[in-house]
Amino acid sequence: MIISLSVALIAVAFAVLVFFLIKTLNSAKASLDKVSQTLQEVQKTVDELTYEVKATVRHANKITADVQGKIEKIDPIMDSVQNLGEVLSELTMTVKQVSVTVIEKFRKNRELKEKAELVAVNSAKVTPAEERTVNSYNAVNSKKGRLDAVLKGVDVAAGLWQRYRK
């Protein structure tokens, strides 16, 4: 009787164990089904995002190529602007040097003329009216001649500069 009672108890315990095991397995199956469904939704979302990312990358590549093309077109212009800036800087320096030289030359000529006039006034007697007229005419024309000479000098300097640059 103990043996049959033990066997019956074992059978009941096994049945209870199987019942709870089936319940646990059903719950695990439901969880796995939900996980599988979630993974399918995630996969679908990832596929959609992948398409959009690829489209965005293609668009970015087109924009980059367009910008590179435009930059390549602008590069020669920038080089020209840089060269122009250098030429203007050199030209400015040259004009400055020429103007300093011309100014110094005028100062020296003026000082020499003033000294000569002082010497002439101090040592000369009063000149006749005709001689004063001729002297004033020569003085006016000599200033005009100097201006012409300076302008010619600037033209020559510009021509030399252009030849030098070539």
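A salt bridge here is a side-chain nitrogen of Lys or Arg within 4 Å of a carboxyl oxygen of Asp or Glu. The legends below describe a predicted model, in which local features need pLDDT of at least 70, side-chain atom pairs count only at pLDDT 80 or more, and totals for chains, interfaces and linings use all residues. Residues are numbered from 1 along each chain as its sequence is written, and side-chain values use heavy atoms, with hydrogens and water left out.

View 1. Helices (H or I, at least four residues) and strands (E, at least two) are DSSP runs, numbered from the N terminus. Helix α1 covers residues 2–123. Of the 166 residues, 1% count as buried; buried means under 20% relative accessible area, exposed over 50%, and partly exposed in between (1.4 Å probe, protein chains only). Accessible areas come from the Shrake-Rupley method with a 1.4 Å probe, and for residues only the protein chains shown count as cover.

**View 2. Lys70 meets Asp66 in a salt bridge.** The closest N and O atoms of Lys70 and Asp66 are 3.3 Å apart. Why are Lys70 and Asp66 separated by about one helical turn? Because they are four residues apart in helix α1. Lys70 is partly exposed, at 48% relative accessible area, and Asp66 is also partly exposed, at 41%.

**View 3. Arg107 and Glu104 join their side chains in a salt bridge.** Here the N to O distance is 3.2 Å. Arg107 and Glu104 are three residues apart in helix α1, so about one helical turn separates them. Arg107 is partly exposed, with a relative accessible area of 46%; for Glu104, likewise partly exposed, the value is 35%. A search of the whole structure finds two salt bridges.

**View 4. Val12, Val16, Phe19 and Phe20 make a nonpolar surface patch of about 400 Å².** Patches are made of residues with over 30% relative accessible area and no salt bridge, where like charges are joined within 9 Å and nonpolar side chains (Val, Leu, Ile, Met, Phe, Trp, Tyr) within 5 Å. Val16 lies in helix α1 and is partly exposed, at 41%.

**View 5. The structure holds one aromatic pair.** Phe19 and Phe20 form this pair, edge-to-face, with 5.5 Å centre to centre and 75° between the planes. Rings of Phe, Tyr and Trp (its six-membered ring) pair if their centres lie within 6.5 Å; planes under 30 degrees apart count as stacked, over 60 as edge-to-face and the rest as tilted. Phe20 is partly exposed, with a relative accessible area of 48%.
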